Amino acid sequence: MSNRRSRQSSSATRISDDQMIDLVSKLRQFLPEIRERRRSDKVSASTVLQETCNYIRKLHREVDNLSDRLSLLLDSVDEDSQEAAVIRNLLM
């Protein structure tokens with residue numbers, strides 16, 4: 001019976017080809033490098049997924065960079081100043 005349940009749960013988590021096409025199409029809209037291509041240009045799903053991973057890594061680097069810059073800025077201002085309050089509000 002456990003084999004039957006595992007097969008049922010694994011088939012329940014599978015997505016159809018139409019759903020996959022829809023998801024890849026939605027991802028294309030968020031990827032600047034792919035979005036700028038002509039609609040007629042064919043881009044494989046694997047390329048879209050790879051570009052998605054690259055884009056997420058890039059966004060993480062940007063967030064880390066901004067966080068470091070804000071930390072440095074916060075360290076350079078008086079803790080009780082108006083500037084420090086603004087920076088703390090941005091971080092929250």
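Analyst: Let's start with burial: buried residues make up 11% of the 92 residues in the protein, where buried means under 20% relative accessible area, exposed means over 50%, and partly exposed lies in between (1.4 Å probe, protein chains only). Keep in mind that this is a predicted model, where local features need pLDDT of at least 70, side-chain atom pairs count only at pLDDT 80 or more, and totals for chains, interfaces and linings use all residues. Residues are numbered from 1 along each chain as its sequence is written, and side-chain values use heavy atoms, leaving out hydrogens and water. The average pLDDT (the predictor's confidence in each residue, from 0 to 100) is 81 for the protein.

Now for the core itself. A nonpolar core is a set of buried Ala, Val, Leu, Ile, Met, Phe, Trp, Tyr and Cys residues joined through side-chain atoms within 4.5 Å. The largest one here has 5 residues: V24, L31, I34, V43 and V48. In soluble globular proteins, nonpolar side chains tend to be buried together.

Zoom in on L31. Leaving aside residues up to four places away in sequence, L31 touches V48, E51, T52 and Y55, a contact being heavy atoms within 4.5 Å.

What share of contacts with a separation of 6 or more comes from residues 24 or more positions apart? That share is 10% in the protein.
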